[in-house]
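Dear colleague,

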Amino acid sequence: MLLSYLKIAWKVLLRRKFFTFISLFGISFTLMILLVLYAMFDFTVGPQTPEKRVDRLLFINRLGLAMPGSDATSNPSYSFLERYVRPLRTPEKVSISTAGGSTVAYLGNNRLDLDERFTDAEFWQVLDFDFVEGRPYNESEVRAATRVAVINESTSRNYFGTARGVLGRFVEIDGVRYRVVGLVRDVPATRRFSYADVWMPITTSAEDIRNPDYLGSCIAILLARRPADIPAIQREFAQVVAGAPVPKLGGMAFKEVRVYAESLLTATVRDESNEHGADAGVGRLVGIVVGLALLFMLLPALNLVNINVSRILDRSSEIGVRKAFGATSGTLIGQFLIENLFLTLLGGLLGLAMAAGMLHLLNGSGLIAHTQFGINGRVFLGALVASVVFGVLSGVYPAYKMSKLHAVQALKGGTNV
Amino acid sequence: MKATPLTPVLRLSEIEKVYQTRDIETVALNRVNLTIYKGEFVSIMGPSGCGKSTLLSLMGLLDEPTSGTIEVNSRPVESYSDKELAGLRNLKIGFVFQSYHLINDLTVLDNVELPLLYRPGIGGKERRQRALEALDKVGLSARTGHFPSQLSGGQRQRVAIARALIGRPEIILADEPTGNLDSVMGEEIMALLLGLNQQEGTTIVMVTHDEQQARQTERLIRLFDGSQVG
C-alpha cells in the first residue's frame, strides 16, 4: 500500500511541476535557514571537539557581586576559583584558565594577531583536543612557570610556514619566547571557553594570580565522573559559595555573591546576556527561538496547505473511487499525510544539501575564526524532525478536508479519464 | 451455471431521497421498494434526472436515504458504522461508472489492484495475481503496464470492470457503463457484462438509457420522477 501511495505522490509531484517547484522551494529554503542555524548552534554548544564530553562538563565563567542599586559582574578571579572551586570533592577534575584575550606575535617585520589562553595542566585532561604533534604541557611545567606553548595549525602555518614539524621551535609572544611542545587542530572561535590560537601555562601569564579579589578574568571547567553527577556538583558548589564571605570593596558592602556552575549552553547564554541572576535566560531564549522557528515555518506551511487544498479538488474523482472501493476516512488521511511527508522529506533533503553548501561558504568566508560548521548526525536528525513537523503541519488540514469529501459529490466533480 | 434468483443480496424498502436546499426541496426518490436477488441482471431505466443514479448510489452504500431502509444480508445499513460500511463496500460491491473513474497516475494493473489495497490480509503477490486474472477475464492481459490515457474508451471501461471484479463482490453496480462509448464498443461491454452474469453468476444492477441493452437483462425497473413505474 505504501508503495502505491508513494507512486501516486511522485506522479502528483511530476504532474504539476510549477506547484511542485513552488512548494519544494518554500520547504527547502525554510529548512535550509533552520538547519544552518541549528548547525551553528550545535557546533557552538554541542558535543564537539574539544568539549566532546559536554554532558559531563560544567563551566563557571561569570561572578556577580550584588549590592543595593547596582551590581558588579565580571569573570571570577584566579584566586577565587583556586580557593572555592579547586577543592570541590564531587568533580573528577577541575581546570582553571584565563577567559581568553588577544596578543600580538612578531615574525620579523610581520605582525600576527593571536588569541591566547593561559591554562593549568588539567585543562588538557578536562577537554579533548586533537593533537597533531607533541603533547600538552604538564603539571610540573605549570608549577615551574616553564615557557612552553601549545599552538594550533593555523598559527603554525602563519608563524612557521608549515603545519608540521614545529615542536621545539620558539614562538615569541609579547616579547617572551615560548617553546612549542604541542600542535593541535584548529578550534572554532565559537567554542568560547576553550578556543585560542596559542595556549600557555597560567603561571606565565600577566594575570595576578595572587589578587585576592573575587572579580578577575578567569574561568573554571569542571569534569564530572558521569553525567548524573552534574546536579551534585552544582549543589556542592552552591553550598561553598553560600559559605564564602561577602567581600567589601572600597567601602562598598555587597549583599550577595552570585556565581554558578553551568552547562556549556547556559554558560554561553550567560556570557552573551551578561545575566547574573540564578536564571541565565536559557528557557526564555529557547522559547523565543522555537517560537520564531515555528513562525518562520508557518508561512510556507500555509502556502503548502493552500496548494494541497487546490490539489484535492483536482483529485476528487480519485477520492470518490477510493471511498467507493472501501477506503475509510482514516485510510485517506493516512494516504494524504504520507504523500505530503514524502514531499516535505524531499524538501528536507534539498534543504540539507543547500544548508551544507551554505555552511561551507560560511566556513570559507572567515567570518568566524576556524569554523568547521557542517552536517552531522544531530543536524541530519534535526532536518528529519523539522521535515516531519512541516509535513504534518501542512498536511493535516488538507487531509482532513479530503477525507470528508462526500463520495457521490467527489465522483460527480471528478475529472474523467 | 446460473444461480436461482432467490437469495436476496440487497433489499430496499420505502426508500425516499430528498435534496433540500434553502429554497427548494427536490424529491429524487419516492417510496421505492426493490429487492435484488443473487445472480440477477437487473437494469434500471428512465429519463435523465429521474433518480436512477441516486438509487444506484444508495444501493452502493455511498449515500443515505432520507427515509426507508436498505438491508444488506438482512441487516439494515443504518446499524453499520462508517468503517463497517466501508468494509461492506469493499467486500460485497463492485462499481462501474459511466466515466470510468480510473486513476490517471496509476498503471492499468495498479488501478485494478486498488480495491484489494483496502482488504486486510491480502499481500502484494496475491493482489498482483488476482489483478492479472481479472484483466485476463476482460481481455486486457496485454495492457497491464499501460496508463489509462493510453487506452481507448472501451478498453478503459474494461479496466474499470476488472477493478470491479477483482474483489469478487456479490454485486456489481454499473452506472451507464456504455454511456460514453460508441455502439460497437458499447456492445462489447454489454457482452462482457452478460458473460459475467451468465457464466460466473455475478449479480449485476445496471443503469442504462439503451432500451436494447435493457431488454437483454432479466428484469427491467423503470423510474419516472423518482417513482418506480414498472
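**Where chain B meets chain A**

Between chain B and chain A, five residue pairs are in polar contact, counting pairs in which both residues have pLDDT 80 or more. Please keep in mind throughout that this is a predicted model. The side of chain B that touches chain A draws at least two residues from each of α2, β6 (93-96), α3 and α5 of chain B, and the residues of that side divide into 15 nonpolar, six polar and eight charged.

In terms of contacts, 29 residues of chain B are in contact with 26 residues of chain A. The size of an interface is often given as the accessible area lost when the parts come together. For chain B and chain A, the area buried between them is about 2,500 Å², with 62% of it on carbon and sulfur atoms. Within chain B, the residues that lose the most area to chain A are His101(B), Asp105(B) and Tyr118(B), which together account for 29% of what that side buries.

**A covered helix in chain B**

Helix α3 of chain B, which spans residues 108-117, is mostly covered, with ten of its ten residues buried; among them are Val108(B), Asp110(B), Glu113(B) and Pro115(B). What do the buried residues of α3(B) pack against? On the chain A side, they pack against α1 (2-15) and α10 (316-324), and within chain B they pack against α2 (82-92), α4 (124-137) and α5 (153-166).

**Strands in chain B**

Strands of a sheet pair through backbone hydrogen bonds, either parallel or antiparallel. In chain B, strand β1 (residues 8-20) and strand β2 (residues 25-37) pair in the antiparallel sense over nine bridges, and these two strands form a hairpin with four residues between them. Within this pairing, Arg11(B) stands opposite Thr35(B) of β2(B). Strand β1(B) is also joined by five bridges to strand β4 (residues 67-72) of chain B, the two running antiparallel, and here Leu10(B) has Val72(B) as its bridge partner.

Chain B also holds an open sheet of six strands, in the order β6-β7-β8-β3-β9-β10, whose pairing is mixed. Its edge strands are β6 and β10 (227-228) of chain B, each of which pairs on one side only. Inside this sheet, strand β7 (residues 171-175) of chain B and strand β8 (residues 203-207) of chain B pair in the parallel sense over five bridges, with Ile171(B) standing opposite Thr203(B).

In chain A, four strands form an open sheet in the order β12-β3-β2-β16, with antiparallel pairing; the edge strands, each pairing on one side only, are β12 (215-216) and β16 (256-259) of chain A. Strand β2 (residues 63-67) of chain A pairs with β16(A) over four bridges in the antiparallel sense, and Gly64(A) stands opposite Arg258(A) in that pairing.

Leaving aside residues up to four places away in sequence, Ser194(A) touches Pro50(A), Glu51(A), Arg117(A), Phe123(A), Leu127(A), Phe129(A), Val187(A) and Trp199(A).

With kind regards

Terms used
Residues numbered from 1 in each chain as written. Chains lettered and ligands numbered in written order. Predicted model: local features only at pLDDT ≥ 70, side-chain atom pairs only at ≥ 80, totals over all residues. Heavy atoms only, no water. Pairing = 2+ DSSP bridges. Buried < 20%, exposed > 50% of the residue type's maximum accessible area, 1.4 Å probe, protein only. Contact = heavy atoms within 4.5 Å. Buried area = accessible area lost by both parts, 1.4 Å probe. Polar contact = N/O pair within 3.5 Å; in protein donor to acceptor, adjacent residues only side chain to side chain. Nonpolar A, V, L, I, M, F, W, Y, C, P; charged D, E, K, R; others polar.
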